[in-house]
Amino acid sequence: MAKFIVVALTVMLVMQGYVSWHVWRVLSLSTPLKIVTIVLMLLALACMVLQFTSDKLPLGMATAMYEIGNSWLIIMFYLLMAFLLLDIGRLVHLVPASWLRDNAVTTVVLAGVMLTVFVAGNIHYRDKQRQEIHLTTNKPLERPMKIVMLSDLHAGFHNPRAEVGRWVDMVNAEQPDLVLIAGDIIDGNVRPLREQGTAEELKRLNCPVVACLGNHEYITGIDEALSLLQQTGIQVLRDGTFDYEGLTIVGRDDRSNRKRKSVGQLMQGIDSTRYIILLDHQPYHLEEAEQSGVDLQLSGHTHRGQVWPLNWVTRAMYECDYGDYKRGKTDYYVSSGIGIWGGKFRIGTDSEYAVITLTPGAQ
């Protein structure tokens, strides 16, 4: 972990240095105003780094540090891409060198594009998409079942109680029989959830709620996360099962727990005549569910990259990084998540929840 932190900090500093140098060169401003701009950029990076030591700060200040620091990380990434493209264009003589030095037009165009992209990305994040999924089974069900599937709420500093409450209202409006959550309910710190009483919002879900854990529950600290989740009324499955009418829900612990059971081990002793739903936060090794006779696997984790072009990366990393999928007789749905980690931007991806209608077929 220490090595990872050192590498991550080094990468961020290199990015910051490259972007700051280009911003300094391209701004058509006086030297004092350029200095102010660079200082503000450095303060945003400092918020990103120091947010992990903010527990003793007032909640509002800690929240501001989170929002500024994580938003800047994504904005800096887009500035990095923009300046890299301009540098490449200059090297192949498509972009005049004058565009990158004290150029008011470049400054205005670049600022306008960035402002448009990130305002639109924030608006799109707040607009939750409803994904409708229809499945049929020949296994015995007394009636059609309506299931709302959520993942990656990342409740915390940037998704506070009011926002989680809005999501709860959306779910309750669906009048589901069951709510299934595929991990990452907590973003990484229980403090804002405790101080804001976010558990009270989750308790308002008006049907049984079953969840597996995600990697962010482990980042939070597993004991603290479980203590908080216990207050929500959510049935948390850690390599366990939950029977509901004709369904068996299997909740697999996150792969952060290296001692978790395999899908095959979890399926031992389970009545295969029942419709079996596997909750597994990270959608790796999808063949395990197929080989073990799972009817439906629900996962999250990928965020579908969250912002373009990182969705290209997740597409290359996973057999299925988003959407519905099928392997043999096993159905899969990988959600891009209703919440988000970091800056509140969705660019080329959606924030969503899934409404699954499971209908019994001919017996």
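## Chat about a predicted model

Mentor: Let's start with L141, which touches G246, L247, L358 and P360, leaving aside residues up to four places away in sequence. Keep in mind that this is a predicted model.

Trainee: Okay, where is L141 found?

Mentor: L141 sits in the loop between β1 (129-137) and β2.

Trainee: And does L141 count as buried or exposed?

Mentor: Buried, because its relative accessibility is 11% and the cut-off for buried is under 20%.

Trainee: Switching to the strands. Why is β3 described as largely enclosed?

Mentor: Strand β3 covers residues 178-182, and five of the five are buried, so the rest of the structure largely encloses it. L178, L180 and A182 are buried on one side, and V179 and I181 are buried on the other.

Trainee: Which way does β2 run relative to β3, parallel or antiparallel?

Mentor: Parallel, with four bridges joining β2 (residues 145-150) to β3. M149 stands opposite L180 of β3. To get from β2 to β3, the chain passes through helix α5 (residues 161-173), and that β-α-β crossover is right-handed.

Trainee: How many bridges pair β3 with β4?

Mentor: Four, again in the parallel sense, with β4 spanning residues 209-212.

Trainee: On to the core. Which residues have the most contacts inside the largest nonpolar core?

Mentor: L150, L153, V179, I181 and I185, in a core of 31 residues. At least two residues of this core come from each of β2, α5, β3, β4, α9 (222-230) and β12 (352-360). The largest share is from α5, which supplies five residues.

Trainee: What does I185 touch?

Mentor: L153, H154, A155, L202, A211, E217, L229 and I234, not counting residues up to four places away in sequence. There's also a second, separate core with 30 residues, including Y78, L100, F345 and I347.

Trainee: What about pockets? How much space lies in the largest pocket?

Mentor: About 2,000 Å³. Its lining has 47 residues, and F4, M48, H216, I219 and W341 lie nearest the centre. Elements giving two or more residues to that lining are α1 (2-26), α2 (31-50), α3 (59-91), α8 (215-220) and α12 (310-317).

Trainee: Which element gives the largest share of that lining?

Mentor: That's α1, with seven residues.

Trainee: Last topic, the backbone. Which peptide bond is cis?

Mentor: The bond from W308 to P309 is cis, with omega near 5°. P309 is in the loop between β9 (296-299) and α12.

Trainee: What is phi for H303?

Mentor: Positive, about 60°, although H303 is not a glycine. H303 is also in the loop between β9 and α12, and at 7% relative accessibility it counts as buried.

Trainee: And what about D102, what is its phi?

Mentor: Near 45°, which is positive in a residue other than glycine. D102 lies in the loop between α3 and α4 (104-126) and counts as partly exposed, at 47% relative accessibility.

Technical notes
Residues numbered from 1 in each chain as written. Predicted model: local features only at pLDDT ≥ 70, side-chain atom pairs only at ≥ 80, totals over all residues. Heavy atoms only, no water. Buried < 20%, exposed > 50% of the residue type's maximum accessible area, 1.4 Å probe, protein only. Pairing = 2+ DSSP bridges. Right-handed = clockwise from strand over helix to strand, strands pointing away. Core = buried A, V, L, I, M, F, W, Y, C linked by side-chain atoms within 4.5 Å. Contact = heavy atoms within 4.5 Å. 1 Å grid on protein atoms, 1.4 Å probe; cavity = no way out; pocket = protein on both sides within 12 Å on 5 of 7 lines; lining within 4 Å. Points joined across faces, edges and corners; volume = space filled by probe spheres on them.
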